Amino acid sequence: MSRLLWPLGLAAAMHSPVPAWAQTPAPLSTSTSTSTSTSTTTPADAAPAAPATSPLTLEQALSQALARSPALAAASRQVEAARAAAQQAGAWRNPELSVTVEDARSEARTTTVMVGVPLELGGKRQARLTAAARAVGLAEAELRRARAELRAGVAQAFFAALVAQERLTLADGAVGIAARAAEAAGRRVAAGKVSPVEATRARVDLAQARLERAEAQGELRMAHHALAALLGDVAPAFGRVQGEARAWPERPGFEALSAQIDEAPALMAAQAEVDRRVALVAVERSKASPDVMLSLGSKRDASTGRSQAVLGLALPLPLFDRNQGSVVEASRLADQARDEQQLARLKLLAELQEASTRLTGAQAALQALQDTVLPAAQEAHDAASRGFEAGKFGFLEVLDAQRTLLQARARYLNTLAAAHQAAATLDRITGR
């Protein structure tokens with residue numbers, strides 16, 4: 001930004017009583033318009049107009065994202081699938097019908113009809129139901145985590161777009177200043193008051209200002225596309241976002257947030273996975289008990305014309321396969337889930353600490369910028385402008401004051417963006 005300010009002093013001789021380049025720059029605008037213009041800015045310097053669509057608010061963005069997000073839809077499908085699996089887990093095993101015919105001769109034929117009813121022992125059905133219920137809980141926890149991540153991502157993208165709009169507004173103002181300075185330098189060269197080198201330098205600075213504005217426009221387009229992707233759109237369906245750009249986010253401190261870390265969506269999902277793994281251990285242990293097949297039927301002897309009741313009982317003998325390997329495997333996987341939960345907790349605490357520290361630092365910096373730096377820079381700029389008008393200061397002093405003010409405003413925007421990013425991270429972790 002400092003490269004844009006060298007030619008500002010050249011405009012002094014062409015404006016009376018107060019030079020245009022020495023006038024107080026417009027304060028940081030709370031408007032979300034993507035472009036501004038001045039009466040002296042040429043059409044080539046004007047920023048492209050935003051599409052004639054309604055501005056997008058944060059509430060509208062969140063509502064649209066929750067309704068149209070493919071990631072959220074996929075997580076919802078997983079919940080539906082888990083519930084269907086739980087329904088299937090509660091189904092009873094089907095009985096078996098068997099018919100046996102002995103001797104093909106009708107006069108000597110013996111026909112046996114049997115109905116076999118499987119009886120599950122060892123609590124297999126209840127273990128399956130419990131495991132299926134834990135799977136549903138896991139899917140629902142993943143859905144909550146996906147929703148929290150989506151909300152945080154949309155908020156971060158929204159405020160990134162909002163700050164990008166403010167950066168473009170600041171870049172537009174810098175282009176206007178550089179354009180006026182280049183025009184003034186051209187007139188002074190034509191009048192023979194300064195060297196042509198000054199006019200050339202002014203034109204170079206104007207070209208650099210336009211380049212930086214083009215970069216700001218590119219950043220704004222990227223921010224809009226990133227937000228549109230979270231809303232489920234291929235291209236932005238909005239022209240701009242609407243919000244309070246100068247208000248920084250407020251969140252509780254690290255101690256208060258860390259006390260609620262176990263309620264974080266990611267940790268709740270990790271705990272649900274532990275519960276599911278433990279339930280699967282019970283499922284594998286129940287398989288060690290063999291199932292019984294109870295049979296009931298009738299046997300008809302054609303040679304004697306008599307029917308006899310037939311009862312049967314089939315019981316596998318667990319001599320070799322007692323499912324011991326699967327039990328150990330499920331137990332180790334449950335232990336792994338517990339270890340991963342502890343690892344996730346440590347990572348979230350570290351991430352929470354980092355984001356909270358960044359937010360606290362950004363808030364302190366924003367407070368200092370708003371209370372001290374920006375007012376002091378504005379006051380210094382005003383004093384330099386008045387002194388130049390009275391002949392007490394040269395244009396270099398005014399130029400330096402102008403540079404300081406614009407740099408302070410640019411730093412304010414950068415710090416504001418960092419604060420919103422940190423707040424979005426905290427919201428993602430805590431599931432706000």
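Q: By the ring-centre rule, to what number does the count of aromatic pairs come?
A: This is a predicted model, in which local features need pLDDT of at least 70, side-chain atom pairs count only at pLDDT 80 or more, and totals for chains, interfaces and linings use all residues. Residues are numbered from 1 along each chain as its sequence is written, and side-chain values use heavy atoms, with hydrogens and water left out. Rings of Phe, Tyr and Trp (its six-membered ring) pair if their centres lie within 6.5 Å; planes under 30 degrees apart are stacked, over 60 edge-to-face, the rest tilted. The count is 1 aromatic pair.

Q: Which residues form the aromatic pair that is edge-to-face?
A: The ring centres are 5.6 Å apart, with 90 degrees between the planes. The pair is Phe158 and Phe159.

Q: Is Phe158 buried or exposed?
A: Buried means under 20% relative accessible area, exposed over 50%, and partly exposed in between (1.4 Å probe, protein chains only). Phe158 has 2% relative accessibility, so Phe158 is buried.

Q: Over the ring of which residue does the charged end of Arg125 sit?
A: A charge sits over a ring if NZ of Lys or CZ of Arg is within 6 Å of the ring centre and within 35 degrees of the ring normal. The charged end of Arg125 is 4.2 Å from the centre of the ring of Trp92.

Q: Within what arc do the buried residues of α2 fall, seen down its axis?
A: The buried residues of α2 are Leu72, Ala75, Val79, Ala82 and Ala89. They line one face of the helix, because they fall within an arc of 95 degrees.

Definitions and conventions: Helices (H or I, at least four residues) and strands (E, at least two) are DSSP runs, numbered from the N terminus. The arc is that of the directions from the helix axis to the C-beta atoms.
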